[in-house]
Every structure is written in C-alpha cells, then in structure tokens.
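Please look over the structure shown here before reading on.

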Amino acid sequence: TDLYQHPDYYLMDELLSDEHKLIRNTVRDWVKKEVSPIIEDYAQKAQFPKHLINGLANLGVFGPTIPQDYGGAGLDYIAYGIMMQEIERGDSGLRSTASVQGSLVMYPIFAFGSEEQKQKYLPKLASGEIMGCFGLTEPNHGSDPGGMETRIQDMGDYFLLNGAKMWISNAPFADVAVVWAKDDTQTIRGVIVERGMEGFTTPETHGKWSLRASATGELIFQDVKIPKGNILPHVQGLKGPLSCLNQARFGIAWGALGAAMDCYDTALRYAKERKQFGKPLAGFQLQQKKLAEMITEITKAQLLVWRLGVLKNENRATPAQISMAKRNSVETALNIAREARQMLGGMGITGDFSIMRHMMNLESVITYEGTHDIHLLITGLDVTGENAFT
Ligand code: TGC
Ligand code: FAD
C-alpha cells in the first residue's frame, strides 16, 4: 500500500491547480524519502535533524509566498498550505521550522523591513543559508504579549536591548532573531538581533515530551547593542507580531491536517491488516465508528482550510477566520491522533508507528500560536463584540 494515501473523500483535488498537485506530490515524496525513515530516531534522541534544512529550502518551503525577487517562491496561499500539510504529515516539529522561517522571520522583514534589510536577509533565509527565530513570548507573558517586559532604550547612535524571551522555536541554532520589544514610549517595535552580538545568548530548553525533533530555547538579552538599522521601520504596536501570527496560524491550520491524515491512514491500514476474534479489526462496528468519524472530521476541516486559502489569496481572510481554522484543525488532529493510537492497541505506544509522536507534538501545536482557549475567545469576541480576555 502507498504509505501516503491522501484522504480526499470530497474530491478536493478538483479544486487544485496542476501546480498545486505538483507541489503536493513533490513535498510528499520528499517527506516520504527523507523525513519518515529518520524522524522517529531524532524525536527519540530529542534532536533537530539539521541536515534536512537544505532539502526544505530546495522545496521552496521557506517563504513560499514571498516574491521571487527576494528569493521566495512567489506562490499563492493554497500552495503554502499544501506544503505545510505535507511536511506535518512527517512531523509537526519540521513544519514548525518552516512556519517560523517563512511566516515569522521572512514575513515581518518582507512586510515591515527596509529595502536594505530585505536585500540583506531574505535571499539567505529563503535558501536556508541562515536560519531565523521569532521572539514574542516571555516568561511572564504568553497569551498576553502586550504586557511584554523586554525593552529597547535609545542611546543616540544605537539601541540597548534588555529582557528575555522563552519557548522560542529554532532559538538554539538561529543566526538571526526577529524580536519584539517596547521602546522608551512603550511602543512595541520589531528588532533584528544577530547571533554574535555581545550579551545575546540562546540556551536550549530540555526535557520536552512534545516536538522533540524541534529545538526550542530562550533568548536572553543583556545590554545588547542594536544598530539603528536593525529596527523594522514600517510597523509599530502589537499588530506587528500579530500580523506574522496570522500567516503562521494559516499554515498550521493546513499543517495539523497533515498529521491527522497520517494518523488516519495508519489506523485504517492497521485495522484492515490486524485480526482479532478471527476477523480484521476494520470489520468491528466500534472501530468503524472511529474511522468514519475521523474521515468525516478530516473532510470538514479540509473544506474549511481550502476556503480560507481562497479568501487569503483574495486578501479577505480575517484574523478571526484564521483563528477558527487553526483551532478546528488542531483539535481535529489531536482527537484523531488519540483515537488512532487506541486503534493500534499496544503497538500504538511504540515508535514503530508515527501516531504517538504526532499526538505528543500536537499538544504543543494546540498551545503555541495562540492557545486553544485564546482562539475560542477570539471567535467569541468576533461574534458577540464582547471582550472576554480581561
Ligand atoms: P488587542 O487590543 O486585541 O490588539 C492590539 C492591536 O493588534 C491588532 N490585532 C491584530 N492585528 C493583526 N492581526 C491580528 N491577528 C490581530 N489581533 C489584534 C489590533 O487591531 C490592535 O491594533 P491597534 O492598531 O488598534 O493597536 O490586543 P490584546 O492585548 O487584547 O490581545 C489580543 C490577543 C489575546 C488576541 C492576542 O494578543 C493573542 O493572539 N494572544 C496569543 C499570543 C500568541 O499567539 N502568541 C504566539 C507566540 S509565537 C508562537 O507561538 C510561535 S510557535 C511557532 C512554531 O514553532 O510553529
Ligand atoms: P499562558 O498564557 O500562561 O496560558 C496558560 C493557560 O491559561 C492556557 O490554557 C491559556 O489558554 C489560559 N489563558 C490565558 N489567558 C486566558 C484568558 N484571558 N482567558 C481564559 N484562559 C486564558 N513563542 C514565540 O514567541 N516564539 C516561538 O517560536 C514559540 N515556539 C514555541 C514552541 C513550543 C514547543 C511551545 C510549547 C511554545 C512556543 N511558543 C513560542 C510560546 C507559545 O506561543 C506560548 O506557550 C503560548 O502563547 C501560551 O503562552 P503560555 O505558555 O505563557 O501560557
């Protein structure tokens, strides 16, 4: 059997262009060949498979929607979504690296950077020659980034950066960090911090049971001198980082479905092969209920993210619509992973199958980029007009 069947119950392929299908098959084949055979081992060792960076860059997944003039792939948002889906079919940690590089590092430099900053950083980020990370979350401020304590102080010729960020994907090996900090007027600004700047360190976070094949760390700034040319000139306020999150959350809405599809495929195949009480597990009603519900939920979520992609291409997708899709896809994926794991019985807890790894990864995905509850409150605010955050 083909390991990478694409659950396509409602013939969604007919909604995709030939280019979309080519991209999907190319990324899917690469994941099958380069990621699946090694990823379990890296997750068990809690190591990021750095050697895959080149392959990811060659596929064009770093900044797929960034124009080609700056080294991006110049593709539409459906193509971006499909890429994230196929990568996350392999592992959410690898998709995290792609999300961070493209949506959280390249996007803000593209959207809010000077021409000089774009020329300097974007082509190298697209080719994977340099890697980036995104520092918004702090030890005392996760869901409420507006309360951040990290500061830039104007020293005349330069800024002085002080503070700390935590839970930062790719921090331990990143060459550059897009960091959000408040200036002397309490206004949030974006700053490009480079590895090697004095007073800047990136200690790794150990002991995670989730996203084990992704490197997570802190960003610590102690009187780091930031040249004035490293400030992103064209944005101020929380809408800077939150605009980046719109991009990344869109990718996650597609990506989490890749993990869901892999769990469904695995459970379906197992249920057809494994026999108990003299017949395949797939012949028992309770197991069919699980599979039928999985494919129903995947199909509903696929239609949601496809429509969101169309709206995003037309620049009409609202942040609240993106929140709804991120929340729905991740919940769908996590529920499917939990059910699929049970369907494999004892085998479900081993690394011989991908399900338990997906399940553990998704516990991060349901928390980062806005927690499940925060996205619910964003929908609540949108439909009622009442702010229940504070
Ligand atoms: P609020 O007063 O609502 O808004 C402040 C300003 O921001 C604007 N805004 C947005 N702009 C663009 N896109 C959005 N999604 C926006 N949401 C709000 C808003 O219009 C306003 O602008 P202005 O001009 O009027 O000042 O802000 P709030 O402080 O009440 O917070 C709202 C809330 C809770 C929704 C928001 O802060 C939030 O989303 N919190 C969750 C934090 C989060 O998602 N953190 C993610 C960190 S990065 C990460 O997890 C990366 S993991 C990557 C990986 O490995 O894949
Ligand atoms: P808290 O904000 O303390 O929330 C704790 C609980 O309280 C949650 O259940 C939350 O939903 C709930 N809660 C909070 N506020 C409310 C409210 N108003 N009403 C009701 N319930 C509420 N951040 C980055 O900046 N860059 C990264 O690259 C990055 N990568 C990450 C990688 C991993 C593996 C993880 C786990 C996190 C990463 N994050 C990153 C941080 C992530 O975005 C935060 O963990 C997330 O935003 C939640 O913040 P918190 O952990 O401080 O939880």
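How many nonpolar, polar and charged residues does the shell around ligand 1 have? By class, there are 13 nonpolar, 10 polar and 3 charged residues in that shell. This picture rests on a predicted model, in which the protein chain has an average pLDDT of 97 and 99% of the residues score at least 70. For the complex, the predictor gives an ipTM of 0.98 and a pTM of 0.98.

Among the 26 residues around ligand 1, those that come nearest are Ser 96, Gly 146, Ser 169, Pro 319 and Gly 370. Two or more residues of the shell are given by each of helix H4 (92-112), helix H6 (239-273) and helix H10 (372-384), and the largest share, 6 residues, comes from H6.

| Partner of E4 | Bridges | Direction | Residues standing opposite |
|---|---|---|---|
| E1 (residues 132-135) | 4 bridges | parallel | Phe 134 in E1 and Val 178 in E4 |
| E5 (residues 188-194) | 7 bridges | antiparallel | Val 179 in E4 and Val 191 in E5 |

E4 and E5 also form a hairpin, with 5 residues between the two strands. In the turn of this hairpin, Gln 186 has a positive phi of about 70°.

Notes:
Residues numbered from 1 in each chain as written. Chains lettered and ligands numbered in written order. Predicted model: local features only at pLDDT ≥ 70, side-chain atom pairs only at ≥ 80, totals over all residues. Near = placed C-beta within 6 Å. Nonpolar A, V, L, I, M, F, W, Y, C, P; charged D, E, K, R; others polar. pLDDT = per-residue confidence, 0-100. Pairing = 2+ DSSP bridges.
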